[in-house]
Amino acid sequence: MNKIPHLFATALFLLLSFTACKTTKPTTEPSTQENVVKDTIVSAEKPEVKEEIPGEDNPVSIKEKINPPLNIEEFRAAWIATVANINWPSKSGLSTYQQQQEALKLLDFLKSHNFNAVIFQVRPQADALYQSELEPWSYFLTGEQGKAPDPYYDPLDFWIKEAHKRGLELHVWLNPYRAHHTTGGKVTSTSIIRKKPELAVELANGMWWLDPAQKETQDHSAAVVMDIVNRYDIDGVHFDDYFYPYDSYNNGKDFPDEKTFMAYQNADGKLSKADWRRDHVNKFIKRIYEEIKAEKPFVKFGLSPFGIWRPGYPESVSGYDQYDKLYADAKLWLNEGWIDYFTPQLYWQINQYAQSFPELLGWWESENTKNRHLWPGINVGLGGDEKNVDETINQIMITRGMLPESKGTVHWSIGPLVKHKNLARALVEGPYRKKALVPPSPWLDDSAPEVPEFSFKVENDRLLMNWEVSDPKDISRYVIWFKYEQGNWDYKILDGNVTSFSLQNVVGEKKKMMERIGITAVDRLGNQSDFKEIILKK
């Protein structure tokens, strides 16, 4: 593949994103997660006022502005898969200490490379990587389904606390229907396959699947989701592309739900089998969204479907038909706004004509009628050479250019990022050089926090800053904004429990002094307070 320089790629596919999408109906094998082992905004200035800064003898000039100096919002996440021990733990049966050390290494990597979210798989096969009364402990954790870690700890609670310490959101990733994976060890008496055999069917490749059309399946999976939402301090719930199983799992044969469909027909059901299957999945997605919002509105619901809705959408695209094969009408979920963020698995390269990354991204954006977050999933597992590093950087830059109002990318998966040092270095020295805030979700909450009360003093050539707010529980982050003489605005993102910070007051050989400072508060949903610019007196 020929390399495409970053600027050229961005400009080219900005143009593509505005191209009208035609619809025809013209296949490639699915490339699923588990198979793929505003620069400056300054506006609405208020009249300049003079006021005393607490603790200062001299007045300074203060300007209150609605917006901070820069847009520093971008969702940067990585999937961490536990099924088949893809990413964590490295193998089943590790000690508690070994599991925790591996987890900390991954979280430290994300923090040091300026990510701000982790999507952590907690239910790979109707089991649990957390304390649950609804499902058994995962085989992938302890090597025996139903066996708790020893010494005991709750992995999900550990991951949440350690992620939050590092300024990372944690989204729990669940598979709603898969009951047993081929790598999942022995099916024990603790499994739903044994406890409720009427719900589960065996596929030709050895996997087991819960029948999505059965009400008890839907009730059980919904109860699992809401149990996590109620008991854990999570930031999001995430489903991937496994709804009805890929037909290859059953040697191309139809999903074995004849009894369920016959019962539907005998009850005077009028839908075709395909529409009936899609209808059950649609209702389940809508149900999960509504139940999460009723309990904890700030918990985001994200979906990561297969990257092609149907062949021919847009016109040049061919490939697997999730609408017809997985019975997943992902376009409908996006159109209806039954999600807070949408992460189609766009695991193809930029110039892959029949599945072009930017062309598919542009089509999904054209379907984003409710203006939800569209943060594509990209495949970083193609190697660490220059060509694949450049592909990854280009895809991030294209996403930024095409979706400037809510930038973001989700990386499949953390494994290649850790493995390929060249790739990791290119990210942190390039597009992820500075930390970023998770973009806000105004349809959930658009009420910004109060502006912090701010004081400062100069001591030993350092500018010492202190601040406070009346409701610190509402604050997730603070942003310190600063600008030296003849320089550009810069910033530091701090945890919400930090109430003081210091910066060098004079820098460089030319002794440039701090000229302007300010602070904004950010709540859990990314709403940022108004910006009060303080012009320091020389």
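Helix 12 (residues 386–402) and helix 14 (residues 421–429) have axes that come within 10 Å and cross at roughly 30 degrees. The two helices are therefore roughly parallel to each other, a term for angles under 35 degrees, with over 145 counting as roughly antiparallel, 65 to 115 as roughly perpendicular and the rest as oblique. This is a predicted model, in which local features need pLDDT of at least 70 and side-chain atom pairs count only at pLDDT 80 or more, while totals for chains, interfaces and linings use all residues. Residues are numbered from 1 along each chain as its sequence is written, and side-chain values use heavy atoms, with hydrogens and water left out.

**Helix packing**

- Helices (H or I, at least four residues) and strands (E, at least two) are DSSP runs, numbered from the N terminus. Axes are lines fitted to C-alpha atoms, for helices over the stretch in contact, and angles run from 0 to 180 degrees between N-to-C directions.
- The crossing of helix 12 and helix 14 is right-handed (near helix turned clockwise from the far one by less than a right angle; left-handed if anticlockwise).
- Helix 12 contributes Val 389, Thr 392, Ile 393 and Ile 396 to the contact, and helix 14 contributes Asn 422, Leu 423, Ala 426 and Leu 427; contact means heavy atoms within 4.5 Å.
- The residues of this contact of helix 12 with helix 14 comprise six nonpolar, two polar and no charged. Ala, Val, Leu, Ile, Met, Phe, Trp, Tyr, Cys and Pro count as nonpolar, Asp, Glu, Lys and Arg as charged, and the others, Gly among them, as polar.
- Helix 6 (residues 215–231) and helix 8 (residues 273–295) have axes that come within 10 Å and cross at roughly 25 degrees, which makes helix 6 roughly parallel to helix 8.
- The contact of helix 6 with helix 8 divides into seven nonpolar, four polar and four charged residues. The crossing of helix 6 and helix 8 is right-handed.

**Aromatic residues**

- The structure holds 44 aromatic pairs (rings of Phe, Tyr and Trp, the last by its six-membered ring, with centres within 6.5 Å; planes under 30 degrees apart are stacked, over 60 edge-to-face and the rest tilted).
- The ring centres of Tyr 242 and Tyr 249 are 6.3 Å apart with planes at 25 degrees, so the pair is stacked.
- Tyr 242 and Tyr 249 are both buried (under 20% relative accessible area; exposed is over 50% and partly exposed in between, with a 1.4 Å probe and protein chains only).
- One aromatic cluster is formed by Trp 209, Tyr 242, Tyr 246, Tyr 249, Phe 306, Tyr 320 and Trp 348.

**Backbone exceptions**

- Most residues other than glycine have a negative phi, and most peptide bonds are trans.
- Asp 150 and Pro 151 are joined by a cis peptide bond with omega of about 0 degrees; Pro 151 lies in the loop between helix 3 (139–142) and helix 4 (155–165).
- Trp 412 and Ser 413 are joined by a cis peptide bond with omega of about -10 degrees; Ser 413 is in the loop between strand 14 (408–412) and helix 13 (414–419).
- Ala 84, not a glycine, has a positive phi of about 60 degrees and is partly exposed, with a relative accessible area of 33%.
- Lys 511, also not a glycine, has a positive phi of about 55 degrees and counts as exposed at 58% relative accessibility.

**Lys 483**

- Lys 483 lies in strand 17 (residues 477–484) and counts as buried at 15% relative accessibility.
- Not counting residues up to four places away in sequence, Lys 483 touches Asn 488, Trp 489, Met 514, Glu 515 and Arg 516.
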